[in-house]
Amino acid sequence: MSALFNFHSFLTVVLLMICTCTYLKMQFPTLLEQKTGFRGFFWKAARIGERLSPWVAVGCFTMGVSIIFF
């Protein structure tokens with residue numbers, strides 16, 4: 001089933017995208033400096049990862065546990 005139609009897979013994809021964008025912004029800041037357009041979407045995901053990092057970490061941990069055990 002596609003990740004767009006399965007809510008559990010959709011949440012996994014969103015969390016991985018937020019974590020990846022945040023990591024890329026920390027390693028290569030000029031890559032995500034545009035705040036508009038196509039790269040602006042990834043800039044916003046990186047901003048969510050920076051500002052809500054404790055909640056994103058809890059979400060990633062919870063998602064990892066649910067994938068392993070369920």
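UniProt, in an unreviewed entry, places the feature "transmembrane region" at residues 6–24 and 52–69. Keep those two spans in mind. The model shown here is a predicted one.

What does the chain look like over each span? Residues 6–24 are 95% helix and 0% strand. The end C-alpha atoms of residues 6–24 lie 27 Å apart. Residues 52–69 are 94% helix and 0% strand. Here the end C-alpha atoms are 26 Å apart.

Now step back to the whole chain. The protein chain has three helices and zero strands. Along the sequence, the pattern reads α-α-α. The C-alpha trace spans about 40 × 25 × 15 Å along its principal axes. The chain has 70 residues, and 23% of them count as buried.

Next, look at how two helices meet. Helix α1 covers residues 7–27, and helix α2 covers residues 38–51. Their axes come within 7 Å and cross at roughly 90 degrees. An angle from 65 to 115 degrees counts as roughly perpendicular, so α1 is roughly perpendicular to α2.

Which residues make this contact? From α1 come M17, I18, C21, T22, K25 and M26. From α2 come F41, F42, W43, A45, A46, R47, I48, G49 and E50. Sorted by class, the contact of α1 with α2 has ten nonpolar, two polar and three charged residues.

One of the α1 residues in that contact is K25. Is K25 buried or exposed? Buried means under 20% relative accessible area. K25 has 13% relative accessibility, so K25 counts as buried. Leave out residues up to four places away in sequence, and K25 touches L32, W43, A46, R47 and E50.

Stay in α1 and move to T12. T12 has a relative accessible area of 17%, so T12 is buried. What does T12 touch, leaving aside its neighbours within four places in sequence? T12 is in contact with M63 and I67.

F7 also sits in helix α1. Exposed means over 50% relative accessible area. At 58% relative accessibility, F7 counts as exposed. Now compare sequence with space. F7 and S53 are 46 residues apart in sequence. In space, they are 22 Å apart, C-alpha to C-alpha.

Turn to helix α3, which covers residues 53–69. S66 lies in this helix. Its relative accessibility is 16%, so S66 counts as buried. S66 and L15 are 51 residues apart along the chain. Their C-alpha atoms are separated by 14 Å.

Finally, check the cysteines. A disulfide is a covalent bond between the sulfur atoms of two cysteines. How many disulfides does a search of the whole structure find? The search finds zero. C21 is in no disulfide. The nearest cysteine sulfur to C21 is that of C19, 9.5 Å away. C60 is in no disulfide either. For C60 the nearest cysteine sulfur is again that of C19, here 3.2 Å away.

C21 has 6% relative accessibility, so C21 counts as buried. C60 has 27% relative accessibility and counts as partly exposed. C21 also belongs to the α1 side of the contact with α2.

To recap, the chain holds three helices and zero strands. Helices α1 and α2 cross at roughly 90 degrees.

Notes: Residues are numbered from 1 along each chain as its sequence is written. This is a predicted model: local features need pLDDT of at least 70, side-chain atom pairs count only at pLDDT 80 or more; totals for chains, interfaces and linings use all residues. Side-chain values use heavy atoms; hydrogens and water are left out. Axes are lines fitted to C-alpha atoms, for helices over the stretch in contact, and angles run from 0 to 180 degrees between N-to-C directions. Helices (H or I, at least four residues) and strands (E, at least two) are DSSP runs, numbered from the N terminus. Angles under 35 degrees count as roughly parallel, over 145 as roughly antiparallel, 65 to 115 as roughly perpendicular and the rest as oblique. Contact means heavy atoms within 4.5 Å. Ala, Val, Leu, Ile, Met, Phe, Trp, Tyr, Cys and Pro count as nonpolar, Asp, Glu, Lys and Arg as charged, and the others, Gly among them, as polar. Buried means under 20% relative accessible area, exposed over 50%, partly exposed in between (1.4 Å probe, protein chains only). UniProt positions are given in the numbering used here, feature names are shortened, and annotations may be inferred rather than shown by experiment. A disulfide is a pair of cysteine sulfur atoms within 2.5 Å.
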